[in-house]
Amino acid sequence: MAAAGRCAGSGQSVARSVAVFCLSDFEKYARTQLNGNAWGYYSSGADQELTLKDNEEAFRRYRLRPRMLKDVSKVDVKTRILGQDVSFPVCVGATAMQRMAHTDGEIATCRAARKMETCMMLSSWSTTSLEEVAGASGESGLRWFQLYIYRDRDLTRNLVLRAERSGYKAIVVTVDAPVVAKRLADARNRFSLPPHLHLANFDTQLPQSSLTSDSALEGSSLERYTRDLLDASLTWEGIDWIRGLTGLPVLVKGILTAEDAVEAVRHGVQGIIVSNHGGRQLDGVLATIDALSEVVKAVEGQVEVYMDGGVRQGTDVLKALAMGARAVFIGRPVLWGLAYNGQEGVERVLQILRDEFKTAMMLSGCRNLAEIQPSLVVHQSKI
Ligand SMILES: Cc1cc2nc3c(=O)[nH]c(=O)nc-3n(C[C@H](O)[C@H](O)[C@H](O)COP(=O)(O)O)c2cc1C
Ligand SMILES: CCCCCCC(=O)C(=O)O
């Protein structure tokens, strides 16, 4: 497949023949297309980016223990998440401001997710309104809504009710971001959303970057906006409050410890997403694949556990499922797919992961997801 799309991050139309075979090919291509503001925002992590790097590296520290001669002529990669069918266990994670990657942004992503019969989690900070995304993905498109809890509880309630009315099937509350971490690329770029785009679910907008001499000290527009509007005083009471507002399942995203997993179950969530926000919040936390086992063990099967962070190939998906994840979510690769070629680019990213995952299952002797067991992986420290 060749790239041919209009890339909003650069403002240029591109029509190029660049072949892509794996997810890092998309990343390399996206880097050539996006401007510094968008590339910096999408690709970077917090502080020294220790966790950002470790999310990918940690997968390599787990090795596979495949079984042979299992008749893998028929392999089924389908699964169900919160009772809904998906055609393979890779879903689209919440990433803000997708129209910087491609003019079609979240519309392209939701159509790709629908075509590939998987779930899309829409960010609260989408550059297309949650209603427009619902309209574009239609009834058959499985969508979850990611929620940031604002100080303004009326505004937050309204978002939840809008998502419910628009056919989203779950509310995912992000709990690892009481404040935005220090993101050097955004500070250096004085990150701001290009003026032709806006946070489409809200009236209040990110401030435009100011070119005064003290703006670098203030950091990016993201820091200023979140400091003023998000609720840093949030506790588990906030989760109880959200559960009281909606009949939809409520999940928490950003859990990394057994202690918090137990709290989450106690507060009645229906799912947990083991996540460190793609290394964009507290730098130095565990890679998510390293945190997964303790969370899975702590919840004792009471709720579904998902993970995201650093998933870049089919064997990563296999390892995460072997360690107890119900499915995985991908963040940045979707943005690279958008920059490559809008909807088709995102579809291709998902197809590549699905095909790599299926091949990895066959080579491991697994015919369906139930056959992917913990004994399939071993940590290199135990070899
Ligand atoms: C550019 C970008 C924007 C993001 N925006 C959100 C967001 O709005 N809400 C949220 O809960 N997580 C957000 N995340 C975190 C992702 O949902 C996810 O946890 C992370 O990207 C997974 O790691 P990966 O990029 O290595 O796949 C964002 C991540 C990126 C890279
Ligand atoms: C308090 C964190 C707000 C960041 C919003 C978008 C996002 O999640 C990200 O950039 O990462």
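At what angle do helix H1 and helix H14 pack, and how far apart are their axes? Some notes on that and on the ligand surroundings follow.

1. Keep in mind that this is a predicted model, where local features need pLDDT of at least 70, side-chain atom pairs count only at pLDDT 80 or more, and totals for chains, interfaces and linings use all residues. Residues are numbered from 1 along each chain as its sequence is written, while chains are lettered from A and ligands numbered from 1 in the order in which they are written.

2. H1 (residues 23–33) and H14 (residues 332–364) pack at about 170 degrees with axes 10 Å apart (lines fitted to C-alpha atoms over the stretch in contact, angles running from 0 to 180 degrees between N-to-C directions). That makes the pair roughly antiparallel (over 145 degrees). Both are DSSP runs of H or I, at least four residues, numbered from the N terminus.

3. On the H1 side, the contact includes Leu 23, Phe 26 and Tyr 29, and the H14 side includes Pro 333, Trp 336 and Ile 352 (contact: C-beta atoms, placed from the backbone, within 7 Å). The contact residues divide into eleven nonpolar, two polar and one charged (nonpolar: Ala, Val, Leu, Ile, Met, Phe, Trp, Tyr, Cys and Pro; charged: Asp, Glu, Lys and Arg; polar: the others, Gly among them).

4. Ligand 1 is surrounded by 23 residues, the closest being Ala 96, Ser 123, Thr 174, Gly 278 and Gly 331 (C-beta atom, placed from the backbone, within 6 Å). Its shell has seven nonpolar, twelve polar and four charged residues.

5. Around ligand 2, the shell includes Ala 96, Trp 125, His 277 and Arg 280; it divides into six nonpolar, two polar and one charged.

Technical notes. Helix = DSSP H or I, 4+ residues; strand = E, 2+ residues; numbered from the N terminus. Parallel < 35°, antiparallel > 145°, perpendicular 65-115°, else oblique. Contact = placed C-beta atoms within 7 Å.
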